Amino acid sequence: MSRLVLALHGHLPYVHHPEHEHFLEEDWLFEAVADCYVPLLWMLDGWRRDGVDAQITLGLSPTLLSMLDTPLLRARTRRHIDGRLSLAQRRLQSGSGDDPFRPALVAAVAHAEAVLSRLDDASDNLPRAFAEHHDGGRVELMTCGATHGVAPVLLDGPSIEAQVTLAVRTHERILGVTPRGMWLPECGVHPDVLEAIARAGMLFTFTEDRAVQLAWPPPACGVHRPVWTPSGVALFPRDPDSAKEVWSATDGYPGDFRYREFYRDLGYDADDHHLDAIHKQGTGARKNVGVKLHRITGARLPLGDKQPYSPHAAAEAARGHAADFVAQRRADAAHIGASLGRAPCITAAFDAELFGHWWHEGPQFLDHVLRALAAGDGPKPVGAHRYLAEDCSHQVVHPAVSSWGDGGAFQVWVNGDNDWLWQPIHDARLRLQAAVVQHGGAWSSSPLGRALRQATREVMLSQSSDWPFIITMGTQLGYAVRRPIEHLARAHRLLAGLEHGSVDEADLSQQEERDAAFPDVDPHWFGR
Amino acid sequence: MVVTNLQRCISFGGGPRYLCRVTVGRGPSLLTLLGSRGLRELERTRADQQSASLRRLLELMGQPNPSPHAVAVATTSSVMPLRMPSNEPLAGGDEHDTAENDHRLFRFREPPPEVPHGWGSSVRLVAVAPGQLFCSWHMAHGQGAAGLLTIVLVRAPHGYDDDNNDSPSTVIEQTIELGGGRMYLPVMLGRGWVEARVRDHHGDEWVSNRAWLVPDAVAEPGPLWWAEVPVTVDRRTLVGGGVLRGAAGVRLRHAGTVQASAHSWRGTSSSAAWARAAAHVGVAAGDDMPSSRPRREPT
């Protein structure tokens, strides 16, 4: 029987700013919780309630998990959603009965109230809520590189090993389960990281299709069966068709004119007297608050020409698109299976935040798709591990070095705009290595030991692929440039102190409070 | 284009409308301003706000507002060596950490970010794209001195199995400044790995990491290995190619050869395209191999 392995990659860079009461980039997390992760929990809750036999594979990156596990950010998440609710309620109360935005406002109020209710149920502990569904077999949770460092760009053994080892430790500490698979940051395939995954005892990962299509020997089943690496890690290559239908802004489902418009937000449209401090940036400037009342309306329309959003019409669109997706996958499975002479495995892999955050109706779409496939003919939705448990006979190949970035390679993270970053990151790693060798025994809670651990955190945080990506995209450029530089600067301050046998404890303490993730970090990883 | 002061060269882009490059002179660096005054109010979804923030930043710097005609659109410098500025911090200087810190809680105040340029000696290689390498290096005490960069490319059509093939296919040599730099290099080698070596005037040598190249075409025909690897087999026992060694718990069979000579790689493939191509993929396999069953033409 054919299978559909649907994988979602949940990740955000570590953004934690206790030094500020309001910090714009922290909104990334709050929006993701409200629009993506809680709606995904609703989907899983519904499967549990209705006995739906479906399963997805969900990656929760260690940085995302760390933020979801942070009390300050949990409290601020609630504050953000409270703000959405209050703004939508004020706008609703100020409108007339025939207000064309009334359906959208009612939906926005209901959405915010339901998110808050789910947070209540989970005692704000979303990782635990996902872990319960993992235990129930509705989702397989996998990990990701600890700070989202791209292995084929980092290309040094200690960093790759540290990214994998810290990921496993963080997953186990926060979720209470050992990960069986890992989403490679940016689907960055390289033999060293595949070996590191095997060394950590994990079984599978997901790749762009070219990692398998261009593998040696050539794949006998194309991208429609996973393959083994020589070290027994299964690679699930993305099916380009499934990806295109969902990803493409022009040909894909999310571009339907009935769906909610992402870029027009009540935070900019509301009357000033409806806005509180929570609805604004720390500077007092307006910002997106996540209450959106317009639909896409048409291609290339100015934001001012957007029409009111109809939740009912959008829900109909999601149902229709889900039916189309299911029909396509059934047809694919039938004719590919006939061609291969063996049941295919269709891998559909996406960024989790596409569903709900960028594409508001995405979770509804997913729910319809997976319920239909679970109940009817066609590929059955299973997680990667369950699939391998059922079918462990696959071709063995050497996968191609690749990524899911533009062109399938690494220009997004190494180009004329951001390549200045990589040598300083490498230099800091070398200096850390020297300090670990010098202070080999100082792992206690002494200031030197704390400084060494914090320097390790800072070096690893600087390795995130998010900052060079954002620099390439040109969005939030100032923040993206600052972040790796600040982490490197903090690491060098600590390492300079270590070289002289003393550290500035006040500086160390503020770093520990600010960059507070990863208590499991071990400088030994960099001493080899 | 050679940029001799790259850390002071930052691109602002919000799509084609705002593509411009701002090169800051000898005054306060842009990075220092970013560090001290902050741009956290940059709004990610509103390009107009980004543009306004850029104008505010340039006003702070005493620079005129950019206009589509006044600011030159950057051209790529991707094939030219880039010199690192000498002994200047990546950011920082004697600027006080001012505006944004005024809003910070006191205990979080910290010095302006400062990153030393170069620590120790190293050379790095990254395979950026098919046919393109990125190389960066820094030699301690090498400022102003010339050295020799040698890049050794080794063809390895069979992937990592050719790891021990140490006969170089191509050697590229270039004189560099040891103090630090980076460059992009075109390479004409389909599959293989590459290593860089930097030799200074004393004859001392530093060797880079080994970077595997990014292929852009389907591979040569090869053996069709088929393996049963139960999920219960501890993957830690398979590290270093345990599947192909037939480690305990693994059932490996060599089932003929597989080739993709008629399966042209086009960057992406669709299911229909695959189904057509699959019919042409030659597989010689054992009787019990799935791929040896009679093929049916796709409908």
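User: Are B:Phe134 and B:Tyr184 buried or exposed?

Analyst: In this predicted model, a residue is called buried when its relative accessible area is under 20%, and both B:Phe134 and B:Tyr184 are buried.

User: What is the geometry of the rings of B:Phe134 and B:Tyr184?

Analyst: Ring planes under 30 degrees apart count as stacked and those over 60 as edge-to-face, the rest being tilted. The centres of the B:Phe134 and B:Tyr184 rings are 5.0 Å apart and their planes stand at 45 degrees, so this pair is tilted. Because B:Phe134 belongs to strand β5 (residues 132–138) of chain B and B:Tyr184 to strand β8 (residues 181–186) of chain B, the pair ties together parts that are 50 residues apart in sequence.

User: How many aromatic pairs are there over all chains, and which geometry do A:Trp467 and A:Tyr479 have?

Analyst: The count over all chains is 22 aromatic pairs. For A:Trp467 and A:Tyr479 the ring centres are 5.7 Å apart with the planes at 85 degrees, so the pair is edge-to-face. A:Trp467 is in helix α17 (residues 466–473) of chain A, while A:Tyr479, twelve residues apart from it, is in helix α18 (residues 477–499) of chain A; both A:Trp467 and A:Tyr479 are buried.

User: Which charged residue sits over the ring of A:Phe325?

Analyst: A:Arg329 places its charged end over that ring, 4.6 Å from the centre, and A:Phe325 itself belongs to one aromatic cluster together with A:Tyr253, A:Tyr259, A:Phe350, A:Phe355, A:Trp359 and A:Phe365. In chain B, B:Arg210 lies over the face of B:Trp193, at 3.5 Å from the ring centre.

User: How far apart are the closest N and O atoms of A:Arg128 and A:Asp135, and which residues do shared partners join into one network?

Analyst: The closest N and O atoms of the A:Arg128 and A:Asp135 salt bridge are 3.4 Å apart; A:Arg128 is partly exposed at 33%, and A:Asp135 is exposed at 54%. Salt bridges with shared partners join A:Glu19, A:Arg482, A:Glu486, A:Arg490, A:Arg493, A:Asp507, A:Arg514, A:Asp515 and B:Glu110 into one network.

Terms used
Residues numbered from 1 in each chain as written. Chains lettered and ligands numbered in written order. Predicted model: local features only at pLDDT ≥ 70, side-chain atom pairs only at ≥ 80, totals over all residues. Heavy atoms only, no water. Phe/Tyr/Trp six-rings, centres within 6.5 Å; stacked < 30°, edge-to-face > 60°. Helix = DSSP H or I, 4+ residues; strand = E, 2+ residues; numbered from the N terminus. Buried < 20%, exposed > 50% of the residue type's maximum accessible area, 1.4 Å probe, protein only. Lys NZ or Arg CZ within 6 Å of the ring centre and 35° of its normal. Salt bridge = Lys/Arg side-chain N within 4 Å of Asp/Glu carboxyl O.
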